Amino acid sequence: MDVSVTDSYGNNINSVIITTRELSDSSRIKEFFELENGKGKIKLADTYQNIVIKFKSYGYFDTSKIIQTIETDTIYSLQVILEEKPPVKLDDIIVVAKKKPFRIVKDTVSFNVSEYLDGSEQKVQDVIKKLPGVEVNEQSGEIKYKGKSIETVTLDGDNLFGFNYTLGTKNINLDIVDQVEAIDNYAENPLLKGIEQGGKVSLNLKLKKGKLDVSGNLDISTGWFDNDELALNLGSNILGITKTYKSFATLSYNNVGVNQTPFDYFGFSFNVEQQKEQNYFAEKIIPETRFSNLLEDRRANINNQFFGNYNAIFKISPKLNVKTNLYYLQDRITTNQLFQNDFQINNDIFTTTDNTFITKKPQQYRGDLEIKYNTSKTSLLEYNLRLRQENIETPTTIIQNQTNEFNTFLNTEDFYFKQDLLWTKKLSDKKALQLSLFHSFNDLPQTFSITPSLFDEDALMDTQESEFKRTFLEGKATYLGSGKRDKYTFTLGSNFNYSPFLSRLFNSEENISENNFDYTQSNIFNTGVYNFNRGKWQISPSYSVRVLNQNLEQNIINEELNQDDFIFEPALNLKYKLNSVSFLSGNLGYNQNTNAEQFFFLNQVLINNRTSISNLPRLELQNSQRYSLLYFNNDLYNQFQLNTNVSYQKSTGNFFTNQSITETTTQIEYFFLPQDNSNWNMNMQISKYIPFTESTLKLTSNYSLSNFRNIVNNSDLRQNQNQFLSNSFFWKTAFEMPVNFENTFTYQYSESKSENQSAFINKSWQNTFKVIFKPSKKWFFIISSDYYLPNTEQSDEQFFFLDATIRHRPKSKKWGASFTMRNITNENNFEQVQTSDISTTIFRSNLLPRYFLLNLTWNF
């Protein structure tokens with residue numbers, strides 16, 4: 001039987017089902033056939049009198065044919081036309097699935113920002129510190145991912161901020177950010193991708209679609225302190241994006257203790273950029289008074305800060321990019337601090353007090369320029385330039401031992417100039433060469449005056465002048481290569497450091513002390529690292545070979561010290577990949593370091609109303625050994641993280657202190673001895689999301705043990721030991737209901753002990769509890785309480801703070817409003833007790849007054 005099945009247009013129909021039944025018993029199917037292309041032959045297996053043949057195909061009406069009185073050995077031909085069914089209109093079906101919190105593609109983990117918000121976040125930094133595997137240092141702003149410090153935070157792939165990425169994380173609003181991408185094996189230079197040593201990490205802020213041209217926000221917060229003074233927190237950010245231009249600018253002013261800048265003038269913490277460049281800085285011999293404080297900076301930073309910053313990348317052509325960064329900062333930080341020291345030295349017991357009223361007025365101007373020019377498809381020329389001028393004025397009034405009053409004024413000027421030229425040539429897919437020239441200059445003059453004179457009753461004041469300069473030059477060539485499994489880097493170069501120092505202590509009656517020295521240091525060096533990858537093992541031996549020359553000329557006494565050294569510094573890094581989410585690594589190394597220039601002046605330098613310092617200069621090297629072991633587990637799918645690290649460092653050859661302390665003066669002399677100092681550090685962090693309780697638990701523990709030596713009031717060289725322990729427990733709920741909770745409990749213990757002396761012990765704890773209430777998408781309430789017990793051994797002082805915030809966000813998200821009350825119940829002064837190897841210090845500091853702020857935010 002020949003069969004042809006077509007549609008109404010004559011086209012063959014695919015996949016036609018044919019069934020046969022007897023006409024007398026049409027309910028039972030006798031035979032079954034399938035035509036794939038609408039044509040074919042079918043042969044009946046049995047003999048029938050008459051049959052019903054049914055044709056069926058998806059999307060068409062069924063059709064039947066009846067053949068009666070079938071004759072054997074007869075070939076029948078059937079041509080069948082199937083009529084199409086009209087389309088059926090169905091109601092819309094919407095499938096709703098919860099957006100995944102993250103996505104992993106090769107070396108990049110993309111975190112969906114919306115999945116990590118509870119409503120309290122405003123800036124990018126607020127959500128970054130909640131991402132699994134990410135840690136944020138609240139003081140310096142440094143971000144670590146998987147235990148490693150990140151290189152930068154890019155904006156849609158562009159490195160707009162460099163190492164000062166806190167400009168973006170502290171100021172960019174969350175509304176424009178869709179994802180935060182954590183990138184392993186980051187390489188800013190595209191020519192070195194896959195060639196240079198891996199291990200660098202970075203974060204990328206992926207903006208929401210449609211955030212082009214110009215967008216930004218304006219925040220206006222105003223209210224009052226409880227002393228009826230005006231409280232202000234004003235800020236504005238503008239982001240501009242086109243195909244050839246990307247920029248971010250911020251302008252802010254506040255007097256409520258907020259630091260919107262990358263620079264920490266209150267807490268004295270170095271940011272990431274400063275940490276990387278501190279070897280090029282001149283030494284600051286006369287320090288500003290430190291604002292010691294156990295509390296968060298926001299509770300004690302009585303400021304008056306204005307900050308402006310502009311960052312831009314100009315893509316002038318496919319080969320040429322220019323980046324600029326401009327900064328201006330002005331602040332006025334005030335504090336009143338009381339130090340009471342109870343000394344126990346060689347069976348002598350006495351007390352000193354200093355009640356200080358400090359005003360610190362920093363001002364900074366800075367400009368950065370970066371030019372990148374692709375001289376060819378395989379070569380890149382980069383030039384970096386930085387100019388910075390920083391001025392800090394610090395007038396202080398001190399009441400010493402409750403009787404003597406001193407007025408001091410410290411003026412510090414800091415000029416820094418840096419330029420760097422780098423040429424990269426990609427020799428092949430696996431090899432590259434880099435040539436670089438680096439130059440920096442730092443001039444750091446300081447003037448410190450004190451009234452009345454400490455040295456002569458007839459003199460009106462004493463004046464201490466100090467000026468350190470540092471010039472650094474370096475040229476080097478670096479060869480990079482990679483094989484199928486291995487990578488290597490070798491560098492050959494030389495550098496030169498010139499650091500002269502001048503100081504003069506005098507009054508109207510006499511010259512008291514002078515210093516004048518020239519220090520030069522030159523190095524010819526070769527370094528290398530080879531990275532072996534064998535299965536789960538990564539073995540990275542490295543070395544540094546240096547020919548070092550040091551020369552120190554004491555111009556006042558015409559004395560010269562000169563030393564030449566051949567230095568070999570080996571190191572080894574081992575890493576074993578346990579599985580896709582965890583690894584074990586170990587490090588060991590040996591270093592020989594030169595001593596800081598601050599130990600090279602001979603005669604007395606006055607640094608505050610009590611203290612003067614001097615040195616017995618030496619050029620011997622400090623030898624140090626270091627060992628560490630790290631286990632890291634970051635299981636995103638199971639929301640589990642475990643990070644534990646143990647490290648040990650021993651240094652031989654150090655400058656030790658010989659202190660002579662009385663009720664009114666402290667004289668410190670630094671001297672070099674080939675003796676040992678050692679330090680143990682152990683830390684652990686474990687975090688887990690518990691589905692049963694819908695909460696996240698995190699435990700952080702840090703322990704350090706250090707051993708050092710000193711001399712106090714003509715004692716023998718004493719062995720001292722310091723121990724420090726900090727435990728923190730964090731708990732946060734994620735209930736699918738309007739109310740959630742967050743609690744952090746921190747306990748700290750420290751012990752200082754000298755041989756043949758009783759130990760000094762500090763114990764303190766702090767608890768922070770938050771209630772987060774979000775009745776709708778438009779409203780958000782948060783109440784936070786902080787409870788401090790600063791030292792359970794020495795004092796029963798207790799402090800309690802209560803903050804509250806109410807925020808309203810309309811559906812349009814163009815504007816919002818909030819009301820904040822901070823330090824609803826607080827004390828005017830915060831007191832804590834600290835101990836060292838020779839004294840117990842009672843420290844009291846005034847706090848930022850409680851304030852009330854009404855905030856309006858407009859996004860454009």
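1. Arg-366 and Asp-368 join their side chains in a salt bridge, with N and O 2.7 Å apart; the term is used here for a side-chain nitrogen of Lys or Arg within 4 Å of a carboxyl oxygen of Asp or Glu. Both Arg-366 and Asp-368 are buried, where buried means under 20% relative accessible area, exposed over 50% and partly exposed in between (1.4 Å probe, protein chains only).

2. This is a predicted model, in which local features need pLDDT of at least 70 and side-chain atom pairs count only at pLDDT 80 or more, while totals for chains, interfaces and linings use all residues. Residues are numbered from 1 along each chain as its sequence is written, and side-chain values use heavy atoms, with hydrogens and water left out.

3. A network of salt bridges links Arg-366 and Asp-368 with Glu-273, Glu-277, Arg-386 and Lys-418. Within this group, Arg-386 and Glu-273 form a salt bridge of 3.0 Å, N to O. Arg-386 belongs to strand E23 (residues 379-400) and Glu-273 to helix H3 (residues 272-277), so the pair ties together parts 113 residues apart in sequence; helices (H or I, at least four residues) and strands (E, at least two) are DSSP runs, numbered from the N terminus. Arg-386 counts as buried at 8% relative accessibility, and Glu-273 counts as buried at 7%.

4. Arg-618 and Glu-620 also form a salt bridge, their closest N and O atoms being 2.9 Å apart. Here Arg-618 is partly exposed at 34% relative accessibility, and Glu-620 is partly exposed at 27%.

5. Turning to the sheet, 3 strands form an open, antiparallel arrangement in the order E10-E11-E12, pairing being assigned if DSSP finds at least two bridges between two strands.
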